Amino acid sequence: MRLKRAFIAVLVAAIFLAAASPARADYVVLRSGARLNVTGYEILGDKYRLHMKGGVAEVPVEDIVAFEPEEIFEPLPEPLTPKTPFYEVIRKASERYSVDADLIHCLIAVESNFNPKAVSRKNARGLMQLIPQTAAQFGVKNIFDPQENVNAGTNYLHLLLGKYNNNLTLALAAYNAGPERVDQYGHRVPPFLETMKYVQRITKSYANIKAEAAHAKAQLLDAPKATEPGNTPIPQE
């Protein structure tokens with residue numbers, strides 16, 4: 001009985017914490033009618049471990065009715081140009097590790113919003129949000145140095161793309177949740193809301209930037225045709 005009351009108290013506290021938090025998340029609808037604002041979840045046998053602002057709660061599978069996405073439209077990053085922060089750092093890392101500069105740009109925008117001093121609650125740091133262990137593996141001396149951070153992050157992304165046969169979705173999922181998680185779930189995106197949204201945001205941004213670039217290139221190729229001999233419009237009197 002005490003355990004049941006304690007569990008109910010945790011859920012009630014989580015509801016209030018979630019209601020007070022404006023952060024992007026999703027909702028879990030319980031059989032009792034309560035809706036919990038969650039930032040991620042894991043399947044643990046016959047239970048879900050729900051990640052929320054302020055803590056974690058485990059709920060039996062049969063007590064959950066549905067997962068509902070919270071619709072928030074986040075701005076897409078601007079296309080990469082020489083005016084983009086750390087443009088030269090991104091360009092050089094792209095050339096060195098054969099990773100598309102636009103992809104590195106989109107990843108940095110989502111990971112740190114171009115803040116080289118960013119630190120997440122999971123202790124990921126810098127422009128490409130490297131955890132200290134990963135940074136050490138790639139020989140990073142100063143994790144907050146933009147060039148060191150982007151070189152290591154791009155190298156890591158390059159290796160992940162190779163591991164998953166250039167499957168961008170899996171490489172991004174592995175960058176966010178770890179390759180061991182992707183492998184654990186049968187080479188699929190792990191069922192964590194944070195990871196699923198992360199992959200969706202970057203792939204959407206990347207596809208959008210590539211589509212805009214292709215459209216601009218097509219317009220550039222078509223532009224000279226209007227001034228070619230015989231294509232000049234005859235003024236009408």
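1. Where is the place of Thr154? Thr154 sits in helix H5, residues 146–163; helices (H or I, at least four residues) and strands (E, at least two) are DSSP runs, numbered from the N terminus. A word on the ground rules: this is a predicted model, in which local features need pLDDT of at least 70 and side-chain atom pairs count only at pLDDT 80 or more, while totals for chains, interfaces and linings use all residues. Residues are numbered from 1 along each chain as its sequence is written, and side-chain values use heavy atoms, leaving out hydrogens and water.

2. Let's stay with Thr154 for a moment. Its relative accessibility is 0%, so Thr154 counts as buried (buried means under 20% relative accessible area, exposed over 50%, partly exposed in between, with a 1.4 Å probe and protein chains only). Not counting residues up to four places away in sequence, Thr154 touches Ala93, Tyr97, Val99, Ile104 and Met128, where contact means heavy atoms within 4.5 Å. The C-alpha atoms of Thr154 and Ile90 are 8.8 Å apart, although 64 residues separate the two along the chain.

3. Now for the whole of H5. Its 18 residues should span 26 Å at 1.5 Å a residue, and the end C-alpha atoms are 25 Å apart, which agrees; the expected span is 1.5 Å times one less than the number of residues. Buried residues of H5 include Pro146, Asn149, Gly153, Tyr156, Leu157 and Leu161. The buried residues of H5 pack against helix H2 (87–97), helix H3 (101–111), helix H4 (132–137), helix H6 (168–177) and helix H7 (179–184). Just after H5, Asn165 takes a positive phi of about 55 degrees.

4. Next, the aromatic rings. Rings of Phe, Tyr and Trp (its six-membered ring) pair if their centres lie within 6.5 Å; planes under 30 degrees apart count as stacked, over 60 as edge-to-face and the rest as tilted. The count by this rule is 3 aromatic pairs. Phe138 and Tyr156 make a tilted pair, 5.8 Å from centre to centre with 55 degrees between the planes. Phe138 lies in the loop between H4 and H5 and Tyr156 in helix H5, so this pair ties together parts 18 residues apart in sequence. Tyr156 also pairs with Tyr175: the ring centres are 5.5 Å apart and the planes at 40 degrees, so that pair is tilted. Tyr175 belongs to helix H6, 19 residues from Tyr156. Phe138, Tyr156 and Tyr175 form one aromatic cluster. Within it, Phe138 is partly exposed at 25%, whereas Tyr156 is buried at 16% and Tyr175 at 9%.

5. Which residues touch the most other members of the largest nonpolar core? Of its 41 residues, they are Leu157 and Tyr175; a nonpolar core is a set of buried Ala, Val, Leu, Ile, Met, Phe, Trp, Tyr and Cys residues joined through side-chain atoms within 4.5 Å. The elements giving two or more residues to this core are H2, H3, H5, H6 and helix H8 (193–222). The largest share, 8 residues, comes from H3. Another core lies apart from it, with 12 residues, among them Val28, Tyr48, Val59 and Ile64.

6. Finally, the strands. Strand E1 (residues 26–30) is mostly covered, with 4 of its 5 residues buried. E1 pairs with strand E2 (residues 35–38) in the antiparallel sense over 4 bridges; two strands pair if DSSP finds at least two bridges between them. Tyr27 stands opposite Asn37 in E2. The hairpin of E1 and E2 has 4 residues between the strands, and Gly33 there takes a positive phi near 105 degrees.
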